[in-house]
Amino acid sequence: MLCIVPLAGPDFHDPAYGVKPFVRVGEETLIEATLGRRAWVRSGRLKPSEMVFVLRSTAHTADASARLAQMFPGSRFVQLSDGTGGALLSALAGTCFAQGDAPLVVDLADLAFDTDERGASQILSPRTDGFIPWFRSSDPAYSYLRFEGDRVVETAEKQVISAFASAGVYSFATGSHFLRAVAGCLANAARYRVNGALFLCPSYNVLIGQ
């Protein structure tokens, strides 16, 4: 499988807090508290060699790459010369390391959560087109999923359409499912852009429509 971690956004570095993945969260950095503690990482089901970090070229990128490589030995990197049209397209750059049509996960690595084995299995499973862990919220800062039964029938970026907020991990059954979602967003960019950018959560509407 492949786990892509897009870190190429404008919030990669904040003058007040430093480089986002290394902001302190208690005794750990943010990237250790999120990606490093995912159930599928702790269990060894996802190996560091299956992780791809996508970064943008900045004055802080070389140091960040070295620290990430030390934390996740064997992980791989894509460095972009400039910003992209959103996290969806930044994640697309990471697919260059795909080998076959295996499950693909995009982890924004900005929200810490835990899950049981059933949840971890669903995230890594090719049995559903997509899977998004969620938590209850009504804060418009998050992305949201609307359910009918146990199926997601609509997703939205920064729009409260339900009580179920995305936890920032986006699982696709295969890499080709992800590419279909990207293609659908590009073909209907006016519909899917939010504040001029393409994001992960709305891309699931393409799979729902299919």
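## A walk through the predicted model

Lys158 is partly exposed, with a relative accessible area of 41%. Phi of Lys158 is near 55°, a positive value in a residue other than glycine. Most residues other than glycine have a negative phi.

E10 and E13 run antiparallel and are joined by three bridges. Within that pair, Trp134 stands opposite Ser166 in E13.

H8 spans residues 200-209 and is mostly covered, with eight of its ten residues buried. The buried residues are Leu200, Cys201, Pro202, Ser203, Tyr204, Asn205, Val206 and Leu207.

Asn195 lies in the loop between helix H7 (189-192) and H8. Is Asn195 buried or exposed? At 79% relative accessibility, Asn195 counts as exposed, because the cut-off for exposed is over 50%. Phi of Asn195 is near 55°, again a positive value in a residue other than glycine.

Ala87 is found in helix H4 (residues 87-93). Ala87 touches Pro6, Leu198 and Leu200, leaving aside residues up to four places away in sequence. Ala87 is partly exposed, at 22% relative accessibility. Val106 is 19 residues from Ala87 in sequence, and their C-alpha atoms are 9.6 Å apart in space.

Pro6, one of the contacts of Ala87, brings us to strand E1 (residues 2-7), which pairs with E6 in the parallel sense over five bridges. In this pairing, Leu7 stands opposite Leu55 in E6. Five bridges also join E6 to E7, and these strands run parallel. Here Arg56 stands opposite Leu80 in E7. The chain crosses from E6 through H3 to E7, and this β-α-β crossover is right-handed.

How many residues of strand E6 are buried? Six of the six in this strand (residues 51-56) are. In a regular strand the side chains alternate between the two faces of the sheet. Both faces of E6 are covered. Met51, Phe53 and Leu55 are buried on one side. Val52, Val54 and Arg56 are buried on the other.

Ser75 is in the loop between helix H3 (61-71) and strand E7 (76-80). Why does Ser75 count as buried? Its relative accessibility is 11%, and buried means under 20%, so Ser75 falls in that class. A polar atom of the Ser75 side chain lies 2.7 Å from the backbone oxygen of Phe72.

Conventions. Residues are numbered from 1 along each chain as its sequence is written. This is a predicted model: local features need pLDDT of at least 70, side-chain atom pairs count only at pLDDT 80 or more; totals for chains, interfaces and linings use all residues. Side-chain values use heavy atoms; hydrogens and water are left out. Helices (H or I, at least four residues) and strands (E, at least two) are DSSP runs, numbered from the N terminus. Buried means under 20% relative accessible area, exposed over 50%, partly exposed in between (1.4 Å probe, protein chains only). Contact means heavy atoms within 4.5 Å. A polar contact is a pair of N or O atoms within 3.5 Å; within protein, one must be able to donate a hydrogen and the other to accept it, and residues adjacent in sequence count only if both atoms are side-chain atoms. Two strands pair if DSSP finds at least two bridges between them. A crossover is right-handed if, with the strands pointing away from the viewer, the path from the first strand over the helix to the second runs clockwise.
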